[in-house]
Amino acid sequence: MATIIIHSNTLNFEQSKVIERAYGQNGKPTKIDNHFRIELDHRPDQKTLKELSEEIKIDINLLPEGFDGKEIKLVISDMDSTLISIECVDEIADYINVKPEVSAITEAAMRGELNFEDSLKKRVGLLKGLDTSALQYVYSDRLKLNPGAEKWVSGLHEQNIKFALVSGGFTFFTERLKQELGLDFARANVLGESNGELTGEVIGGIIGAQAKSDFLHELCEKLNITPNQVIAVGDGANDLLMMKEAGLSVAYHAKPKVQEQATTALNYSGLDAILDFTA
Ligand SMILES: [Mg+2]
């Protein structure tokens, strides 16, 4: 058995035709809550699903073998370019006109060409001497939630699923989002500050790929659940270790390398489409 999720609450005539052509009478989509599902007696290949998705411009995913959405108790998500639409460190850098330098380092790290921990130290070093009011400016003026974020978090809470935010960014932002959205857990890097200015250093251990994965396991222990009961969401190379551990992983508008390795991907939908997996 295989379950295909079509992340849309409507299918027009053309889209229905395309799906029917691919799966015929065996695969009639059934509407469940806000999406459609197809149950097949065999597992279709991922490549065909991807082509189908690109043709009808709707996200289509195959549930991992043995996955049970009703067992999910925790969602762990990346922040920058996942829960929110910006890379915080790039925006802080923009404030002092070092954005091109910092962005280039961010991009290389996200493509997996540069070790995340080293790249973070380099970028934070470039922020030395910055007035900390710049952080508040980025939070209030630049930081935007990605589409569907609020609906996603409240929908998970309705299902008694906890939400953990984990970020290679900074606690200044994760803690404010935790408050604002009512998130259950958050972890990120702590920026060094002295006399109202950034010191250019990160305090304590750096939250990179390994620390994100460790956080997932730590929360599993705390909640007395297994990693199979977790959905992990991210867009960058430093999310992959954490994503590999979870029962289901979502590459959210992600880099190709991340899409290849995640069990599912969203390229058209907002974050609330992740609720389709636990419906
Ligand atoms: Mg990210």
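This is a predicted model: local features need pLDDT of at least 70, side-chain atom pairs count only at pLDDT 80 or more; totals for chains, interfaces and linings use all residues.
**Entry 1: the two domains**

I began at the domain boundary: domain 1 and domain 2 bury about 1000 Å² between them, and carbon and sulfur atoms give 44% of that. Buried area here is the accessible area (1.4 Å probe) that two parts lose on being put together, summed over both. His7, Asp59 and Asn61 supply 47% of the area that domain 1 buries against domain 2, more than any other three residues. I then looked up the bounds, which are 1-62 for domain 1 and 66-279 for domain 2; they come from an automatic or database domain assignment. The centres of the two domains, taken over C-alpha atoms, are 30 Å apart. Across the boundary, 14 residues of domain 1 are in contact with twelve residues of domain 2, contact being heavy atoms within 4.5 Å.

Residues are numbered from 1 along each chain as its sequence is written, and side-chain values use heavy atoms, with hydrogens and water left out.

**Entry 2: the open sheet**

Next I traced an open sheet of four strands, ordered β2-β3-β1-β4 with antiparallel pairing. Its edge strands, β2 (30-32) and β4 (60-62), each pair on one side only. From one strand to the next the twist averages 30 degrees. My conventions: strands (E, at least two residues) and helices (H or I, at least four) are DSSP runs numbered from the N terminus, and two strands pair if DSSP finds at least two bridges between them.

I found five bridges between β1 (residues 2-6) and β3 (residues 35-40), with Ile6 opposite Phe36 in β3. Helix α2 (residues 46-56) lies across β1 and β4, at about 160 degrees to β4. Those angles run from 0 to 180 degrees between N-to-C directions, with axes fitted to C-alpha atoms, for helices over the stretch in contact.

Strand β5 (residues 74-77) pairs in the parallel sense with β6 (residues 162-170) over four bridges, where Ile76 has Ala164 as its bridge partner. β5 also pairs in the parallel sense with β9 (residues 230-234), again over four bridges, and there Leu74 stands opposite Val230.

Which residues coordinate the magnesium ion? I found Asp78 (OD), Asp80 (O) and Asp235 (OD), at 2.1 to 2.2 Å. Donors are N, O and S atoms within 2.8 Å of the metal (3.2 Å for Na, K and Ca); water is not among the atoms, so sites may look incomplete.
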